[in-house]
Amino acid sequence: MAEPGPDPQLNAEHEHLLYELESSDTSSVGVVIRRIYDGDELEKFMERLDARIKTHDRDIERMCNFHYEGFIESIRELLQVKNQAQKLKNEISQTDIDLQDSASKLVGTGEELARLRRRQSNIAAAIDSISICLPVLQTYATLENQVREKRYYSALKTLEQLEHTHLPLVANYRFFQQMRSKIPLLYQNIKDNSLSDLSAFLENVRQKSSEIGAKAMGQKSGLKQVAEQNNMDLNGIPKITSTSDVSSNNNLHSKTEMSPQDIVEFSPGFRESFETNYQDKRRVQAELAHEPPQNMRDSIGKYWEYLCGIVGFFVVEEHILNTADGLVNRNYLNDVWEKTVLKINAAIRKEAAFCKEDEFIIVVIHIVMLFSLTMQGYGYSVQKLSYLVPELRDQYMDILMQTWHVKFQNIFEHDSYSAIVIENEDEMKSDEYLILETFLHEENLIKNSSFPICFSFSYMVPKVYDQIIKYINTCHRFCVDLHLSTVEMTDMLRKSTNLLLTTTLSTCLSNIIKESKVGLPQLIQLMTNITCLEKSCVHLEQVISRISGSNVSSSNVSNIQGQVVFKKARNEVEDQIINQLKVKINGFLSLADYIWMLPELPVENDKIQGKASDFIVDLISFLKNFLVSIPDPPIKIVETSCMTACMYISQQLMKFLTDDKSVKQISKGALQQLSLDVEHCEAFASEPINGVEQETLLMYFSDLRQIINLFIELDWSVYFRDYGKPKSKYLRVTADTAITLLEKYRDAETKNVMAVFVKKEREKKRFLDVVLKQLRTLTANGSFT
């Protein structure tokens, strides 16, 4: 039986272990040997290992055989080179000896050159050190000279340059420590002396601020012109020379041409503390400048001095801002300016409130505008300052209102209230005629008229018109300095004129109308004057447009409100005329002496024989004279007066019959007498009066006429038959009125004790009782059946 062949798996494992021994490092040999001894095939592995060693031996032998001939050849060549190498060695040794002999001289020369090089380097370093130290010493010497000469601003700059630029370069030198220790002392010395000079400088600047401000504001040239136009005395304004200069040592130097900044010479000092100290002291000075002088309201000069001081303060600050880097800044100036504007507004508003002269206010406004323009030129916002101008304008208008109120009042009180009549040329030379001539816009009317020349109005009209023109011119003087456009100026003049008309003139007219001393003829003339003034408003429009330079037709503003004012005044005049007319009528009616139990008057041809009462005759005569005595009276007032008189007379006579509690009985004779009085009134109403319809006046007496005729004629059958019909003969007689009068009439008829014995009288009494009963029934039912 044959032996089994080798296991393939076992062969592969042995090959792997052999590969591990050949390729791995020594650390893995122990692992491989352990695996071999742990297995059961140690003998077989040893056989495999021997076989592998033999294989490698055969490989080594073949390789040595292949390279042996080349190795022998290399040995032979090396033996041949040995003699040549020895020869080369001898030559190199001789060359080295020769080179050392030659280089010894060169080494000595090199050492001498190196020594000279070190000396040159030391000289250059000394020069550099001296170059660094010399500026430091020179700067320090300059600093000491500047301190000695009290040029502290330059000394401060030099000290800062020395400390931060030069000294750090010489920090390794011993004199650096000495200089370093003196720097705080120098700073303190400069600080103390600078603050001392600052105080002197600020005091000097404060004293000269008004002069600086006056120069900046144009040295009063514009103010003088305005003051001369208004006849104002510039009392209290200091004289300002054209060559003023303010310096820190209080010396004034004359110069030919100087700007406001040239007046100030600035000497600042220590940086941080100096800035703080300077700003604090200037704020205090600003507070002092904000305080107005005592009794500033009494003098234009004090207003000027006050605002010039403030301008001077800011001129100095602007100069310092531009010349002293960092001492002040724009935010600081703007903050001070904001507070200053508030103080100025409060001070001028308070002081100007006591002013009572319009010319004074104009000059104050001019100063404020000049101040505003000056500060605006320096770049400050003047918007809040502009709020002061409307307030001054309102106060100016209030003063004008008060002034013109007195003027209007004087005109009204001293006017004659009679139409103007110019008898001859001598009267045309009077002052009153000159005022009249300004009012008349057609002079040919006077030149072509013969004497006497008559006008419907009194001198009140041209005088009032003249004062309105002067008022407009005064308002225009106020507007000139406000730099308004043509439309704005026109609008302001119109509003001002409307304010004058609607308040001052309207009030004065109302006062004079209500005065008790103004009678009916004066009121009629006043009505004519008011009408003429109303027509003159067109000319006022032209005057305003001419002064402002605008076109009347193109102006986009409201018109003069004279029509509303004068319409209101006319209504007040009409009411006053009516009230006075009623007072006159009451005066005549108070003279009435009716005999209410008057016997029956004789009647011929249906006409009562007798005459009207004396008081009625006098009353009608007064009304006729009242209308005739007024030359060319206004038609409306004539119509109103006549209608009011007739209506009021009729009402008062009716009250005699019905409302008079003292009249208990009324006889037929008394009614007849009253009928004669009414007839006399109706005759007056029937007369032709210009602008009045007779039928209208007669209608006012129809109530009285119907009730008198009803009782005199005892036409009760017709009354009851037509009661309530539109065409009733006694349409205006009410049942209540008839009852009241019938009771008094019946009591008068039954008072005679003998009447009971007369059949006719008894029937008449029964008839009146029946009528009275029917009237009461008619009143209770509201209709008659």
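## Helix 3 and its bend

The bend at a residue is the angle between axes fitted to the seven residues ending there and the seven starting there. In this predicted model, helix 3 bends by about 40° at His67. Helices here are DSSP runs of H or I with at least four residues, strands are E runs of at least two, and both are numbered from the N terminus.

Helix 3 covers residues 42–148 and spans only 114 Å between its end C-alpha atoms, while a straight helix of 107 residues would span 159 Å at 1.5 Å a residue (1.5 Å times one less than the number of residues). Among its buried residues are Phe45, Cys133, Tyr140 and Val147; buried means under 20% relative accessible area with a 1.4 Å probe, protein chains only. Just after helix 3, Lys150 takes a positive phi of about 65°.

## Helix 11 against helix 15

Helix 11 (residues 388–414) packs on helix 15 (residues 486–514) at about 40°, with the axes 9 Å apart; axes are lines fitted to C-alpha atoms over the stretch in contact, and angles run from 0 to 180 degrees between N-to-C directions.

Which residues of helix 11 meet helix 15? They include Arg393, Met397, Trp404 and Phe412, and the helix 15 side includes Met492, Leu500 and Ile512. Contact means heavy atoms within 4.5 Å.

## The whole chain

The chain has 26 helices and four strands. Buried residues make up 41% of its 785 residues.

## Ground rules

Residues are numbered from 1 along each chain as its sequence is written, and side-chain values use heavy atoms, leaving out hydrogens and water. Local features need pLDDT of at least 70, side-chain atom pairs count only at pLDDT 80 or more, and totals for chains, interfaces and linings use all residues.

Terms used:
Buried < 20%, exposed > 50% of the residue type's maximum accessible area, 1.4 Å probe, protein only.
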